[in-house]
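Thanks for asking me to look this one over. Here are my comments, in the order in which I would read them at the screen.

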Amino acid sequence: MNNHSVKKQPKDDLIKRVWETARDVQYKIQSEDDEEKQWLIQNSPNSIISTLIKEMTVLMMHVLEAIGQLEPVNGIGISKQFGISRGSISKITKKLVDKELIIMETLPENKKEILFRTTALGKEICRLHQDLHKQIDSGINYFLQQYTEDELGTTLKVLNDALHTSWINAATSEEPIEHNPEETQTNEKAKLNSIKVSLSSSTAEEMNEVIEMLNKLDSRNLKKAKVILNEIFF
């Protein structure tokens, strides 16, 4: 990085460029699903696996991965993993069964309880998907190694600030941004509570359940949740 050329740029111009670049990064992340799918196809062990992956949606891939991690698992367990309706899970698992990637079985003492397991083909795709995650983690680590600890610290501070700041109200906010994890978590809960209060009684309970589920997700699963919400509702 050439610090001298950066310092010559007016601050307003730098802010504009940072914001534009941040939006470009967002678009890049949103478009990575196609890139990830291409990686899976190119690294498939045989033509059968590659053909199946071509026919699968991102949501089908994530549900298959969840079954592989939790098996034997029922629809409720998968639904809790993603926070989506059992009806949607039912449609997706039916497609996975049709493609012979998972099987359904019942308990001897409870014929109504349906459990899902991955087949040999399903396990192959799950392993390939895990290899993709390792490849992504390795790529992220390799990319970030080029920066110094100070640069990474500054980047982390900016990202944390952006994560907990409203663009609409940022200019009028008089309170400093908190960086203490416990205080930040408290502030976020307060924001969530304010959202709950503002909701009508007819929707408050459902929204509260959604918020509680999102609070339990880590960064990787939040990305999955975003994919699912976009695919189902948008």
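The numbered points below go from confidence and overall layout to particular contacts.

1. Ground rules. This is a predicted model, in which local features need pLDDT of at least 70 and side-chain atom pairs count only at pLDDT 80 or more, while totals for chains, interfaces and linings use all residues. Residues are numbered from 1 along each chain as its sequence is written, and side-chain values use heavy atoms, with hydrogens and water left out.

2. Overall layout. The protein chain has twelve helices and two strands; these are DSSP runs numbered from the N terminus, helices being H or I of at least four residues and strands E of at least two. From the N terminus on, the order is α-α-α-α-α-α-α-β-β-α-α-α-α-α. Of the 234 residues, 23% count as buried (buried is under 20% relative accessible area, exposed over 50%, partly exposed in between, with a 1.4 Å probe and protein chains only). Among contacts between residues at least 6 apart in sequence, 56% join residues at least 24 apart.

3. Helix packing. At what angle do α5 and α7 pack? The angle between α5 and helix α7 (residues 86–98) is about 85°, and their axes are 10 Å apart; axes are lines fitted to C-alpha atoms, for helices over the stretch in contact, and angles run from 0 to 180 degrees between N-to-C directions. That makes α5 roughly perpendicular to α7 (roughly perpendicular is 65 to 115 degrees, roughly parallel under 35, roughly antiparallel over 145, and the rest oblique). From α5 come Leu 59, Met 60, Val 63, Leu 64 and Ile 67, and from α7 come Ile 89, Ile 92, Thr 93, Lys 95 and Leu 96.

4. Salt bridges across the chain. A search of the whole structure finds six salt bridges, each a side-chain nitrogen of Lys or Arg within 4 Å of a carboxyl oxygen of Asp or Glu. One of them joins Lys 123 and Glu 71 at 3.7 Å, N to O. Lys 123 sits in helix α8 (residues 120–144) and Glu 71 in the loop between α5 (58–70) and α6 (75–82), 52 residues apart. Lys 123 is partly exposed at 33%, as is Glu 71 at 24%.

5. Arg 117 and Glu 105 form a salt bridge at 2.8 Å between the closest N and O atoms, linking strand β2 (residues 110–118) to strand β1 (residues 102–107). In helix α9 (residues 149–163), Asp 161 and Lys 157 are four residues apart, about one turn, and form a salt bridge at 3.0 Å. Asp 161 is buried, with a relative accessible area of 13%, whereas Lys 157 is partly exposed at 44%.

6. Ile 136 lies in helix α8 and is partly exposed at 29% relative accessibility. Ile 136 and Glu 36 are 100 residues apart in sequence, yet 9.2 Å apart in space, C-alpha to C-alpha.

Methods. Contact means heavy atoms within 4.5 Å.
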